[in-house]
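Please keep the sequence and the model in view while reading.

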Amino acid sequence: MSASNTTRPLSGREPRRAVFLDRDGTINVEVEHLKRAEELELFGGAAEAVGRLNRAGYLAVVVTNQSVVARGEVTREGLERIHAHLDHLLGLHHAYLDRIYACPHYPDPGLPGGIAELLVDCTCRKPATGSIDAACRDLGINLAESWLVGDTTSDIETGRRARLTTILVQTGHAGHDGRFPLDPDYVMADLAAAVDWILEGHPALRRRMAPVVAAAAGARLVVIGGLARSGKSSAARVLQEAASATGRAAHVIPLDLWLCPGPEDEANSATARYDIEDMLVTVRRLVGHRDRIAVELPADNGAVRSGRGHSRHFSIDADDLLIVEGAPALLVDRLVRLADVRVHMARPASEQATERRAGPRQRQMSEETGDVRSASPPTDEATKVEAAKARADFIVAAWIAA
Ligand SMILES: [Zn+2]
């Protein structure tokens, strides 16, 4: 027996990569308490997307809360029929799920009409991670290389607790349920776009960001500017992941946290819509700090405006990497001077040509806090943001799905 055999897992199988998928609002259209198989309607492109995961060697694992069972509205057999129908619809597109984990519980023992033994606090109801833990045991999954895709704050919280990379899709609840702080790693229009991102976009942007990652190794502050939908927040996350992989904590600070409420047509300057002075006070304080510092920043401007904002807690050490991203990042002289590395995200010309088309899907593709206003900046703002790339150390091409 050769020595190398001793380093292999006894099972002979490498841990596999998985994409954990929410069901309602992610794979199929959200209906209030889906009870019958006939109510199941897949989102356009969802089956093909699952098929692409299958062929790419990712396990496709559904994790779903089905309290309709505990409520007495659907029997276990009824749930099995719904999932058999889901399998059938996917199979029409040569796609399959490797496993479905459905939590039948509901944590309210007094629920009228409920099934007593299912009205319990369990470990499988999201955002608890019991189902993901079970999948890891059952299927041999490497969580560090796995993803979770869902439409609710509860899904994203589940992924965060399980240390999965998370994608919020802007279908179903689109993250507007307001139950948990919302800080997904990536935001995509729908499941098809999420799978494109996992299989193509993320690996491509990782390659494109490699020189920035190298430069950031010795940096305290990296700023990332560029037009809306050029992938600034995704680039910031990729940089954050790369730093984390080397054991260095990194913090992404979106400039949109300082976006002022108000109609955009009142602004004739690219920076006028932001509270730049307050932003600079905060960033200077973070950059200059020599000890660990704790700060609270609002989590999401849109959520704050609608009164459901959870503030985001940052605990930042003196050696941590700070990444400030936002359209006007390279337009603010004092921020540019403060930075060690400056990045401009460039959009391919063809994408700019479609900028003002702004159909629902186009608007949803804005990953800057989902703020529709930032999806189509005034033309002079776009011109200034584009011109500011002269200040960049790196110009990185955005990844746009084919
Ligand atoms: Zn459960």
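How many helices and how many strands does the protein chain have? It has 13 helices and 13 strands; helices (H or I, at least four residues) and strands (E, at least two) are DSSP runs, numbered from the N terminus. This is a predicted model, in which local features need pLDDT of at least 70 and side-chain atom pairs count only at pLDDT 80 or more, while totals for chains, interfaces and linings use all residues. Residues are numbered from 1 along each chain as its sequence is written.

Of the 402 residues of the protein chain, 45% count as buried. A residue is buried if 20 or more other C-beta atoms lie within 10 Å of its own, exposed if 12 or fewer, and partly exposed in between, with C-beta atoms placed from the backbone. Among contacts with a separation of 6 or more, 71% link residues 24 or more positions apart; two residues are in contact if their C-beta atoms, placed from the backbone, lie within 7 Å.

**The six-stranded sheet**

An open sheet with parallel pairing is formed by six strands in the order β3-β2-β1-β4-β5-β6. Two strands pair if DSSP finds at least two bridges between them. Because β3 (99-103) and β6 (186-188) each have a single partner strand, they stand at the edges, and one side of each is left without a neighbour in the sheet. From one strand to the next, the twist averages 20°. Angles run from 0 to 180 degrees between N-to-C directions, and axes are lines fitted to C-alpha atoms, for helices over the stretch in contact.

Strand β5 (residues 165-169) runs parallel to β6 and is joined to it by three bridges. V169 has M188 in β6 as its bridge partner. Helix α5 (residues 153-161) packs on this sheet, where it touches β4 (147-150) and β5, and its direction makes about 170° with that of β4.

**The five-stranded sheet**

Another open sheet, of five strands, has the order β8-β11-β7-β12-β13 and parallel pairing. Its edge strands, β8 (250-254) and β13 (394-397), each pair on one side only. Strand β7 (residues 221-226) pairs with strand β12 (residues 341-346) in the parallel sense over five bridges, and V222 has V341 in β12 as its bridge partner. Helix α6 lies across β7, β11 (321-325), β12 and β13, and runs at about 150° to β13. Helix α7 (residues 232-245) also packs on the sheet, touching β7, β8, β11, β12 and β13, with its direction at about 165° to that of β8.

**Nonpolar cores**

A nonpolar core is a set of buried Ala, Val, Leu, Ile, Met, Phe, Trp, Tyr and Cys residues joined through C-beta atoms within 7 Å. In the largest core, of 56 residues, V19, F20 and A194 touch the most other members. Helix α6 (residues 191-216) supplies the largest share of this core, seven residues. A second, separate core of 48 residues includes L227, V238, L239 and V332.

**Backbone details in loops**

The peptide bond from K126 to P127 is cis, with omega near 15°, and P127 is found in the loop between β3 and α4 (130-139).
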